[in-house]
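Dear colleague,

I am handing over the structure below, and my notes on one part of it follow. Please read them with the structure open beside you.

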Amino acid sequence: MGSLTAPGVSHARRRQRPSGGKDPSDPRRVVCVLLDGVRHDVLQELLFRGDLPNLSRWVIEPGGMTSGTTVFPSTTGVAYIPFLFGRYPGPANVPGIRWFDRAGLAGGLIDRWRSARSYCGPQAASINSDIEAGPSIFELVPESLAICTPITRGLARGAHLMPVRRAVLGAAAHYFGGYPALDRAVANAWIAMARRPWRFLFVVFPGPDGLTHLLDPAHPQVLDSCRQIDRALGDFMRRAVASGEPPTLFVVADHGASPVREHHDVALELEAMGVPTIRHPMHVWRRNARAAVMVSGNGAAHVYLLDSERRAELVDRLIRLPGVALGGYRDARDGVVVARGHLRAHLTEHDGQVTYEPLLGDPLGLGCQAMQDDRELLARSLTTEFPDAPRQLLQLMSSPRSGDVVLAAERGVDFRGPWELPEHRSGHGSLITDHMLVPIASSLPLPAAPVRSVDLMPTMLDALGVPVPDGLDGVSFSRLATPAGALR
Ligand SMILES: [Zn+2]
């Protein structure tokens with residue numbers, strides 16, 4: 001954690017300006033730099049070694065860095081929704097990087113292909129129209145620019161920089177590991193932006209996640225990509241301060257990662273149980289399908305059971321599969337049942353109070369039967385194996401597009417076959433600590449309360465003097481700073 005002193009620039013003076021965000025003379029600017037998939041402890045270690053001098057100087061010294069939590073499923077795309085919309089994936093009705101649309105099942109070939117939604121490939125842009133939330137921060141701050149983001153909704157024409165190079169270099173990076181070239185292109189576009197007029201800049205570096213999948217979360221190539229990004233931050237800031245007040249900076253990640261030792265393909269397990277199962281990439285038109293498995297990350301899977309036959313038996317067998325850490329399913333009456341092996345608990349929410357009621361043992365290891373404030377339960381869950389699990393299971397299962405049961409993988413396991421191209425040696429997506437904790441560095445002082453990635457959007461709007469819309473899932477750092485704010 002850095003000091004809690006105010007940044008060198010006078011925030012008091014900046015806050016006195018009228019709000020609005022549409023005043024072209026308003027000097028307040030915000031940059032959000034997203035290092036896709038960088039683990040919080042990897043970034044912390046590099047900082048301690050003195051390898052990230054620009055992050056240290058421009059962000060940590062005036063503000064600080066903490067380990068926050070992301071969303072479930074902890075995967076790219078889905079986990080960007082909190083930063084850009086201030087909502088969880090469940091209420092935004094995009095429950096995974098893949099999900100199944102039951103309505104398409106009765107249609108023709110194209111409908112059925114579309115119903116097995118996957119944002120990895122030709123359907124990638126559909127995420128923009130599938131998100132049932134808004135406005136995005138790009139709409140609230142019309143003077144926004146973004147580099148290399150998979151979510152572009154609300155950006156003005158021409159405000160998404162290098163979309164073609166993102167597609168070409170991104171594909172090359174995915175199949176041939178050319179992530180340094182992709183990140184270099186992002187860095188060059190970013191530095192070139194410094195002197196252009198903008199108020200909000202969203203910069204995405206895909207390299208750390210891509211290299212992590214191919215190698216390891218702490219591989220020297222991943223560390224080197226962080227050092228390169230730090231150099232770009234320095235170059236950008238030197239130019240930015242030459243043409244105006246320093247922007248407020250946030251440096252974040254969307255999810256963590258951990259090495260994968262075993263692949264357990266849930267769809268193949270269902271086939272072995274005699275259940276024809278729709279799955280990617282080749283079986284989206286599976287004949288006489290009675291289930292669909294949609295994998296995210298690859299440590300999370302939504303399982304859709306398409307008829308009621310054997311339902312209770314199949315749910316129970318899925319939760320007990322090797323490699324499954326947790327399962328969640330909607331309770332017939334109210335709330336969500338969380339299951340770990342034979343252990344069961346019941347989660348409900350009323351008026352911001354979350355009730356965790358152990359039914360058989362204590363699957364989340366919370367050691368309590370309690371109705372608790374959302375933020376208190378977050379704090380309590382941080383020391384368990386499944387940070388923020390009560391809130392994350394409730395938000396995810398609120399989406400009608402979620403499966404009948406959602407599975408989270410154990411550490412070291414993912415849910416896809418070894419045929420994934422390229423094979424994932426590391427992954428993410430699950431509810432485990434390695435995947436859920438993310439670095440959150442801010443040039444504004446951090447609150448004492450634990451923070452989530454969903455808190456960033458209202459915090460960034462506050463820093464810009466733009467009114468925060470009602471109904472967001474996140475809370476601005478300024479409101480979390482006080483005990484009253486922490487209690488919402
Ligand atoms: Zn990834």
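To begin with one pairing in this predicted model, Leu145 has Leu201 of β7 as its bridge partner, and Ile147 is likewise partnered with Val203 in β7. The strands concerned are β5 (residues 144-147) and β7 (residues 200-205), which run parallel and are joined by four bridges. β7 is also joined by six bridges to strand β1 (residues 30-35), again in parallel, and there Val33 stands opposite Val203.

These strands belong to an open sheet of seven strands with mixed pairing, in the order β2-β22-β8-β1-β7-β5-β6. Its edge strands, each pairing on one side only, are β2 (64-69) and β6 (160-161).

As for burial, β7 is mostly covered, with six of its six residues buried. Phe200, Phe202 and Val204 point one way from the strand, whereas Leu201, Val203 and Phe205 point the other way.

Turning to the helices, α9 (residues 179-193) lies across β5, β6 and β7, and runs at about 165° to β7. The axis of α9 also comes within 9 Å of that of helix α10 (residues 207-214), the two crossing at roughly 170°; because angles over 145 degrees count as roughly antiparallel, α9 is roughly antiparallel to α10. On the α9 side the contact is made by Tyr179, Pro180, Leu182 and Asp183, and on the α10 side by Gly207, Gly210 and Leu211. Sorted by class, the residues of this contact are four nonpolar, two polar and one charged.

With best wishes

Definitions and conventions:
Residues numbered from 1 in each chain as written. Predicted model: local features only at pLDDT ≥ 70, side-chain atom pairs only at ≥ 80, totals over all residues. Pairing = 2+ DSSP bridges. Contact = placed C-beta atoms within 7 Å. Axes fitted to C-alpha atoms, helices over the stretch in contact; angles between N-to-C directions. Parallel < 35°, antiparallel > 145°, perpendicular 65-115°, else oblique. Nonpolar A, V, L, I, M, F, W, Y, C, P; charged D, E, K, R; others polar. Buried ≥ 20, exposed ≤ 12 C-beta atoms within 10 Å, placed from the backbone.
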